[in-house]
Structures are given as structure tokens and as C-alpha cells.
Amino acid sequence: MTPVEWAILAFVLGCALATALLRDVLASIIAFAAYSLGIAVVWLLLRAPDVGLTEAAVGAGVTTVLFLLTIAKTVRPAGDDLFVDIDVRALGVSGLLVAALATTLSALPAVGSASTPVATSRVTNYYLENAYTETEVENAVTAVLAAYRGFDTLGEAVVVFAALMGLLVVLDRGVLA
């Protein structure tokens, strides 16, 4: 991994820990928003800009606004402690789970490797060879999302639309009336 990737990994892990350990709800929400933006950058580095954009919009944007509205409508308990007490047993179980999952990392191909199953599959080759002639879209990724996976993309658009409508309901702004 490059130094930039290590820095982003450290940033994401730091934000995740801050989200879990901060006692102040507002500070935890801000840490969560930063975590979501960090994950969006990770998706960009993994060459999945559509997923990164969705993470930034829904994870860092809509979810953060909903969390902030929730705490604005509730009472925040007063307290001097900055961090919550750590449950050592839960931390141990979480550490074991992370260690077990980390053993699988060596089996993954390098990001962008030409020998990945996706790069060598017949489906990928079919899309690259026929995307323009069948859809008349010059970008193969756009052709796959808009034409070959149109119903899936429509479903994703419905989820984003539903999130927006939920946000408008929470904000008490009726646009359908």
C-alpha cells in the first residue's frame, strides 16, 4: 500500500474508533460523518466512483443530517467524561473477529490486478466488446449501469429518492401537497 492509502486507512479507523468511543453525541455524529467521507475516498481509490458518490451523499450527507435533527429534538445529558468506558470483553470479541477476517486478506488479489476474476471473466469481455454496439453508449461503465443493469440502477435511484422523501418528512416540508 502507498503512504496515501495508509493515511486514509488510519483516518477511517480513527474516525470509527472516535464514533464508537466518544461520549458526546454531537462529536460522535461528526466523527461518523468524517468516517463516511473517508469510506467514500476508499471507494474512489478502489475505482468505484458510483459507490463512493452514493456513500458520500447518503452516508455523510443524508444520514448525518438525520442524526443532527434527531439530537436537536432530544435532550443531551450533561457529563464531564469525553469517552465512554470500554467493555473489555466486547473489545476482545471484536478483536478476535477482526483477526479472523484479516486472515483472508492474503487471498484477495491486488486492486487493479489484471488477473482478477472480474477482469478475466467472459461477462466482462462481453460488455467491453459489445457495450457500444448494443447500447450506443461510449462509456462501458455507463452502458452497464444504464442498459444492462437498468432495473438495479432504478432500484438504487428509488432508495435514494425514498431517503430524500424521509428527510423531507423529518424536516416537515411537504412537497407533495
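This is a predicted model: local features need pLDDT of at least 70, side-chain atom pairs count only at pLDDT 80 or more; totals for chains, interfaces and linings use all residues.
Take residues 52–71: here the chain is 100% helix and 0% strand, with end C-alpha atoms 27 Å apart.

The record also has something to say about the later part of the chain. The unreviewed UniProt entry lists residues 119–171 as "domain: MrpA C-terminal/MbhE". In the model this span comes out as 87% helix and 0% strand, and its end C-alpha atoms lie 45 Å apart.

Next come two helices, α6 (122–135) and α7 (140–148). Their axes sit 9 Å apart and the packing angle is about 70 degrees. Angles of 65 to 115 degrees count as roughly perpendicular, so that is how α6 and α7 are arranged. As for handedness, α6 and α7 make a left-handed crossing.

Both helices turn up again around the largest pocket, where α6 and α7 each supply at least two residues of the lining, as do α1 (3–21), α2 (25–45), α3 (49–72) and α5 (117–120). The volume of this pocket is about 1,300 Å³. Its lining runs to 32 residues, with L46, R47, A48, V111 and V118 lying nearest the centre. What kinds of residue make up the lining, by class? The lining of the largest pocket has 25 nonpolar residues, along with four polar and three charged ones.

Definitions and conventions:
Residues are numbered from 1 along each chain as its sequence is written. Side-chain values use heavy atoms; hydrogens and water are left out. UniProt positions are given in the numbering used here, feature names are shortened, and annotations may be inferred rather than shown by experiment. Helices (H or I, at least four residues) and strands (E, at least two) are DSSP runs, numbered from the N terminus. On a 1 Å grid over the protein atoms alone, a cavity is a set of points where a 1.4 Å probe fits but cannot get out, and a pocket is an open set with protein on both sides within 12 Å along at least five of seven lines; lining residues have an atom within 4 Å of a point. Grid points are joined across faces, edges and corners, and a volume is the space filled by probe spheres set on the points. Ala, Val, Leu, Ile, Met, Phe, Trp, Tyr, Cys and Pro count as nonpolar, Asp, Glu, Lys and Arg as charged, and the others, Gly among them, as polar. Axes are lines fitted to C-alpha atoms, for helices over the stretch in contact, and angles run from 0 to 180 degrees between N-to-C directions. Angles under 35 degrees count as roughly parallel, over 145 as roughly antiparallel, 65 to 115 as roughly perpendicular and the rest as oblique. A crossing is left-handed if the near helix is turned anticlockwise from the far one by less than a right angle, and right-handed if clockwise.
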